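Subject: Structure for your records

Dear colleague,

Here is the structure you will be working with. My notes follow it.

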Amino acid sequence: MTAPPDEAAIVCRALTKRYGSVVALDALDLEVPAGSVFGFLGPNGAGKTTTLRLLTSLVQATGGTAALAGVPVGEGEPNRRGLFGYLDQDPRFHGWMTPRELLDLVGRLYGMSATERLSRIDESLETVGLTDASRRPIATLSGGMRQRLGVAQAILNRPPIVLLDEPVSSLDPEGRVDMLEVIRRLGGSSTVLFSTHILTDVERVCDRVAILDHGRLVTTGLMAELLDRYARPIYRVEPEDGQLDAFARLTESLRAASFVTHVTESSAGLRVAVSEAPNAGRDLLAMVAAHGVALLVFERQRPTLEDVFLQLVGRRAHEPEAAA
Amino acid sequence: MIGLGSMLRKELLEQWRTRRVLVVAVVFTAIGIGSPLLARYTPELVKALAGDQFQIVVPPPTAADAVSQFLKNLGQAGVLTAILLAMGSVAVEKERGTAALLLTKPVSRGAFLLAKLLAIAATLLVGLLLGAIGGYYYTLILFEALPPLGWAAMAGLLLVALVAYASLTFLGSVLSRSSLAAAAIGIGAMVVLAIVSALPSVGAFTPGGLDAPGAALAVGKDPGSVLGPLLVNLAGVATVFWIAWLAFRRQEL
């Protein structure tokens, strides 16, 4: 049932979800090409989880349509669910089961034979690095281990489409790298729709992205295209030590400057996004000089997805916001 | 009913692992053994407590008293056990998110529900089987031998009654996201049915109305019309399940 390459594995047309007066998802039009690892980006409450839950039929759409591998959502249930694997953003399991028992149940629900179940369970546990804990009650597993188990159950039947909602949010840095590698490897054989608000994860594994904000699709496309289309020149400005007041005044002035689109502060100084004005670099340096700030670093950097995100959404991805 | 076999296997395993079967078995066995004991020794206990100051005339206890005690105890502790078993069955899975995990797999919502109700019925069956065996044995020791088939028929009617109470709580568990709300619905239904069972024309068709024919069967007497009330109760369970399915099939998880 895998859609041929270049065909859309996931299609949403004017997909809408309202909860009373709250519009969680507003007429989403989206196509996810078969075989891609697709990053679904947005701040908290943007509508990412709602979209994934609509695709899995856990919630019903208020309007519009969606299809996975050409099969409309809501048709051919529950057999349609063999087309996708799904990981919830907060995966919950029966604590009395062991990971192996859970995967055995999932394998049975997918109609796998005993031999097939045995080999797939071993393979999935190995893939997510959970073999050693496979016979422990799930209630005794850490949050990260449960998230790994969530990925294992989502890929057990090697589905053509894998829907992952925040799949690395509970993992430690090492586990995060491992899991991102698992997701990257899934691409090609499966279509992966991967929701997150951690932009560096998307940059690491995704070839395409969609950015959602307040339930609306802001943009979608190949990662490189988006960087070309939206990213503005970025300058990193790092002062010498001991110039707190002067640097604070410079920061204020930069925020008010017409050629500056965004200023983000960090311990390493400022990241200043400027408009396309050809003289922006020179004007920036002139402002630095006018405030008498001595610099340690002044460099033009390659724009990142975060810069695109900030440009389009206008705030940090991890900024708290009401959940959808 | 896609996925029913796998889900039933999981539910039965859950009843075992979470020791619900064990608890129900202990409660029902205690009722089974304790009821004839209570029937046999209550008159002597009453006499001993009264002392020499009062003269209480208590007729000698019979096997029918043991049966009556058994039915009364199961009508209270047994029904409460059935309610406790069913109250969290669906509500807890919805609240914890485990229902969402399973219902993104190829399993129908009907199969999801039916597996749970069947597992509850199976647990009650195991408990009732042990309770009935214990009750029969102690009645035999303390009183007399009763017809085993009649005793088994009584246990069968009791099972239907307990499943009927469990199914009403189960419906509450489907309709709400809280075990307590489900229990309240179950207990409310128990109270309403207890009131209805006192009505002369319809009382025989309530779950509690199965007690009288059950008692008659246990002591080898004519139970009167039992098929009608039995079928009404079975149809009631099926109807309640159907309503639960109608409510659950469109619920958002």
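How many helices and strands does the secondary structure of chain A come to? The count is ten helices and 14 strands. Please keep in mind throughout that this is a predicted model.

Chain A as a whole

The C-alpha atoms of chain A fill a box of roughly 75 × 45 × 40 Å along the principal axes. Of the 324 residues in chain A, 54% are buried. Taking contacts between residues at least 6 apart in sequence, 69% join residues at least 24 apart. The chain exposes about 13800 Å², and carbon and sulfur atoms supply 49% of that area.

The interface

On the chain B side, 28 residues are in contact with 28 residues of chain A. The two chains bury about 2600 Å² between them, with 59% of this on carbon and sulfur atoms. Three salt bridges are found across the interface of chain B and chain A.

One salt bridge between the chains pairs the side chains of B:Glu252 and A:Lys17, at 2.7 Å from N to O. Another pairs A:Glu101 with B:Arg17, at 2.4 Å from N to O. A:Glu101 sits in helix α2 (residues 99-109) of chain A and B:Arg17 in helix α1 (residues 4-17) of chain B, so this pair joins two chains. A:Glu101 is partly exposed, with a relative accessible area of 23%. B:Arg17 is partly exposed as well, with a relative accessible area of 32%.

Salt bridges within a chain

Over all chains, the structure holds 28 salt bridges. In chain A, the side chains of A:Arg120 and A:Glu116 meet in one of 3.4 Å, N to O. Both residues lie in helix α3 (residues 114-128) of chain A, four residues apart, which is about one turn of the helix. Is A:Arg120 buried or exposed? With a relative accessibility of 11%, A:Arg120 counts as buried, because the limit for buried is under 20%. A:Glu116 is partly exposed, at 30% relative accessible area.

Helix α5 (residues 173-186) of chain A holds both A:Arg185 and A:Glu181, again four residues apart and about one turn of the helix. These two form a salt bridge in which the closest N and O atoms are 3.9 Å apart. A:Glu181 counts as partly exposed, at 29% relative accessibility.

In chain B, a network of salt bridges links B:Lys10, B:Glu11, B:Glu14, B:Arg20, B:Glu93 and B:Lys116.

Helix α3 of chain B

B:Ala86 lies in helix α3 (residues 63-87) of chain B. Its relative accessibility is 0%, so B:Ala86 counts as buried. Which residues does B:Ala86 touch, not counting those up to four places away in sequence? They are B:Ile120, B:Ala166, B:Thr169, B:Phe170 and B:Ser173. B:Ala86 and B:Ala64 are 22 residues apart in sequence, and their C-alpha atoms are 31 Å apart in space.

B:Thr81 also has its place in helix α3 of chain B. At 11% relative accessibility, B:Thr81 counts as buried. Leaving out residues up to four places away in sequence, B:Thr81 touches B:Val24, B:Val27 and B:Phe28.

Regards

Definitions and conventions. Residues are numbered from 1 along each chain as its sequence is written. Chains are lettered from A and ligands numbered from 1 in the order in which they are written. This is a predicted model: local features need pLDDT of at least 70, side-chain atom pairs count only at pLDDT 80 or more; totals for chains, interfaces and linings use all residues. Side-chain values use heavy atoms; hydrogens and water are left out. Buried means under 20% relative accessible area, exposed over 50%, partly exposed in between (1.4 Å probe, protein chains only). Contact means heavy atoms within 4.5 Å. Accessible areas come from the Shrake-Rupley method with a 1.4 Å probe; for residues, only the protein chains shown count as cover. Buried area is the accessible area (1.4 Å probe) that two parts lose on being put together, summed over both. A salt bridge is a side-chain nitrogen of Lys or Arg within 4 Å of a carboxyl oxygen of Asp or Glu.
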